[in-house]
Amino acid sequence: QYLSVETPHRPRLWRYLSPANAPRPDGSIDFHVRNVEGGWVSRAIVRHTQPGEVWRVGPPMGRMRVDREKGRDLVMVAGGTGLAPMRAIIDELGQWGENPRVHLFYGGRVMSDLYDLKNLQQLASVNPWLTVVPVLESEPDATGVEHGTLADVVTRYGAWADREVLVSGSPGMIRSTVSRMLVAGTPLDHITYDPFTLD
């Protein structure tokens, strides 16, 4: 899910952010925020946030979740900080004894965009239900990654007709990935995404 957030650096400018962790006993929330060029709120958060600040947070919204009753395995497609809701879901799944298989495609233009790759690979090494596939659009000499757009790589692996599919990232990435998956044969009612933008 995602939340509307107001910070003291940009009063009355609410932005949507996705928590990157499952609920915790202490109520703390992790957010993944990229310093977007020209972004009023994201730049203020990245450059000026200090411990002890008071943020205003709205109610949870969105449809991203795992329906354990359906019993389907999952494909997650995350671009950039679109990883945040996937991390929250993976964090929650890690608290269960048995899980559906999760295939996470995590993409960016360059290797530095895959800011959480080492942590994800470590999680996958101790959770056999999790497979992480890093994807790069640029840096063709990079090893240990798939090359192309997320839409290219996900559909190269198949139609995923028997899986639940969660997609998160920029609006352009979501559009291209969903449309390519539909053409490849993924049923529309198996695909979930939240149509909001980040600055």
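Predicted model: local features only at pLDDT ≥ 70, side-chain atom pairs only at ≥ 80, totals over all residues.

Reply: Happy to! Strand β8 has cover on both of its faces: E164, L166 and S168 are buried on one side, and V165 and V167 are buried on the other (buried means under 20% relative accessible area, exposed over 50% and partly exposed in between, with a 1.4 Å probe and protein chains only). Residues are numbered from 1 along each chain as its sequence is written, and side-chain values use heavy atoms, without hydrogens and water.

Now for the partners of β8. Strand β4, residues 74-79, pairs with β8 in the parallel sense through 5 bridges (two strands pair if DSSP finds at least two bridges between them). Within that pairing, V77 has V167 of β8 as its bridge partner. Strand β9, residues 191-193, also pairs with β8 in the parallel sense, over 3 bridges. There, V167 is bridged to Y193 of β9. Between β8 and β9, the chain passes through helix α5, residues 171-184, in a right-handed β-α-β crossover (with the strands pointing away from the viewer, the path from the first strand over the helix to the second runs clockwise).

Stepping back, the protein chain contains 5 helices and 9 strands (DSSP runs numbered from the N terminus: H or I with at least four residues for helices, E with at least two for strands). From the N terminus on, their order is β-β-α-β-β-α-β-α-β-β-α-β-α-β. The radius of gyration is 17 Å, close to the 16 Å of the globule rule for 199 residues, so the chain is as compact as a globular protein of that length (the radius is taken over C-alpha atoms, and the rule is 2.2 Å times the number of residues to the power 0.38). Along its principal axes, the C-alpha trace spans about 45 × 40 × 30 Å. Of the 199 residues, 45% count as buried. Among contacts between residues at least 6 apart in sequence, 66% join residues at least 24 apart (contact means heavy atoms within 4.5 Å).
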